[in-house]
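Have the viewer open while you read.

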Amino acid sequence: MKALKQRKVKKLLLVVLDQFRYDYASYLKKCRNYISSIKLCDANSIPTMTESMHTNISTGKYPGKHEIISDSYYDERKKPSLIPFPSMYQNLISLIDSGEINFLSRLAYEKGYLVWCVGGKPKTAQLLTQLEACNVRVLRDVATNKAGVQSIHRRFKKPLEKVIDKQNLREYRAKKLDDPRLDLWVANLAQVVINNVLKDASPWLGIIAFPALDYIGHTYGPASRECITAIKQLDKILFNIFSNPDLNDAFIIITGDHGCRTIKTAIIMDEEKDPKKFIVYKRYADMFVVEDEIPIGSLIRKALSHIILDGGMIRFWLQEMNSIARLVEWLDSAKGLGKYLAKICSSLEKSDLQIIEHSRHRNFGEIFALAEEDVAFFRREWFRASRWKITQGEPLVAGEEMPLGEHGSIWEEDRYVPLILSQKIPERKSYENIDIFNICMKLIA
Ligand SMILES: [Zn+2]
């Protein structure tokens, strides 16, 4: 304890691998020289989605407090409106500005650390750094696939853009995102920042968010050859970054936001605004075929004002509070979603309740249910935003038209990620992703 308190870390690098499941750490073989310990890290909150879990890491708080529940939420004060990510992010920034929530990169910045970040998904870079308190942020623009350099200091922006152009790194050229080359591109951008921004800079906090594993795990499944190949490539990528002389003596933390489960049953709502049924796809070998259609009867529809599907759970907002019993009965029954659900809120165990309590917020939903381990709820808009296509009624090719991996649930495969440290810290009994904030704060205190 004493040793850690006395020594302030001058270079702190936080690497967040999207969808880095707890068992993936064993594939980091080349990086071993930079690893002093690997710990199991629990999200201990739901939904185990990218947005909420990145924010757990950067704020040291659960979703119930930082209010980033998923990629969007339903605000019960503004019925019936779905709040999209930009407004959600604005809300987080006002919580940070008002001092209600701490933010790792901002605190580091205020302590005089040079803060830099490279992210392959703009959302993750945003959730890990605040633009006003970040010296350099490089992120991929979703619409153009180009790297955008953001900086509040002019002396960084232009020269960096020049080097990126010169090295032909401006654009991510591969057509697909579920391709390990996306991480290689992010790594090259990170090397440009390290080589051009960090010269003699001290102290600094660097954050790199790698996205490819998430895309690959969704498409091909978390145990697929494609996924394992991508992790092995990440091992090399990380090794090259860590070997950069500018990272000598850096304290390195590698972690993930959530894991991933293999999906055998996919449930999608026919439409989001005025849903009338759930369509159940079941996997047979390489195909997903429609197995079941579950109508949302008029009584249930009348009782509900909104439904959000989140990978491993389904959340409901009620029109009439007195219709809870009817909805729960429907969820419980085989005619409703019953056979695909592990638990609904009325049948939760004590340990589950604690996890849910961490995420409880007025925008979490009024009733929720947890999917069986191999069942996933897919939001229809995810399909619109990706290359997956739903052709209603037609069989879908697994991995091409229907994703094979999903997260968001309370199950261990989604909840646990590795927490990898390059140097020793005082041992604790257990670790949660909110502890990463505290570990970093102690290192730079
Ligand atoms: Zn993620």
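A crossing of two helices is called left-handed if the near helix is turned anticlockwise from the far one by less than a right angle, and right-handed if it is turned clockwise. In this model, which is a predicted one, the crossing of α9 and α10 is left-handed.

Let's stay with that pair. The axes of α9 and α10 cross at roughly 165° and come within 9 Å. Angles over 145 degrees count as roughly antiparallel, and α9 and α10 are therefore roughly antiparallel to each other. On the α9 side you'll find Ala212, Leu213, Ile216, Gly217 and Tyr220, which meet Glu226, Cys227, Ala230, Ile231 and Leu234 of α10. Sorted by class, that contact has eight nonpolar residues, one polar and one charged.

Helix α10 (residues 225-242) also packs against helix α8 (residues 181-197), at an angle of about 5° and with the axes 10 Å apart. So α8 and α10 are roughly parallel to each other. From α8 come Asp183, Leu184, Ala187, Ala190 and Gln191, while α10 brings Gln233, Leu234, Ile237 and Ile241.

Now zoom out. The domain assignment gives domain 1 as 2-61 + 102-261 + 412-444, and domain 2 as 264-403. Their C-alpha centres lie 32 Å apart. How many residues of each domain are in contact with the other? Ten from domain 1 meet twelve from domain 2. On the domain 1 side, helix α9 (residues 212-220) gives the largest share, three residues. That side divides into four nonpolar, four polar and two charged residues.

On to the backbone. Most residues other than glycine have a negative phi, and most peptide bonds are trans. Here are some spots that go the other way:

| Where | Feature | Value |
|---|---|---|
| Ile46 and Pro47 | cis peptide bond | omega about -5° |
| Ser202 to Pro203 | cis peptide bond | omega near -5° |
| Glu67 | positive phi | near 75° |
| Asp249 | positive phi | near 65° |

Pro47 sits in the loop between β2 (37-42) and α2 (50-59), and Pro203 in the loop between α8 and β8 (204-210). Glu67 is in the loop between α3 (63-66) and β3 (73-75), whereas Asp249 is in the one between α10 and β9 (251-256).

Are Glu67 and Asp249 buried or exposed? Glu67 has 21 other C-beta atoms within 10 Å, so it is buried. Asp249 has 9 other C-beta atoms within 10 Å and is therefore exposed.

Terms used
Residues numbered from 1 in each chain as written. Predicted model: local features only at pLDDT ≥ 70, side-chain atom pairs only at ≥ 80, totals over all residues. Domains from an automatic or database assignment. Contact = placed C-beta atoms within 7 Å. Helix = DSSP H or I, 4+ residues; strand = E, 2+ residues; numbered from the N terminus. Nonpolar A, V, L, I, M, F, W, Y, C, P; charged D, E, K, R; others polar. Axes fitted to C-alpha atoms, helices over the stretch in contact; angles between N-to-C directions. Parallel < 35°, antiparallel > 145°, perpendicular 65-115°, else oblique. Buried ≥ 20, exposed ≤ 12 C-beta atoms within 10 Å, placed from the backbone.
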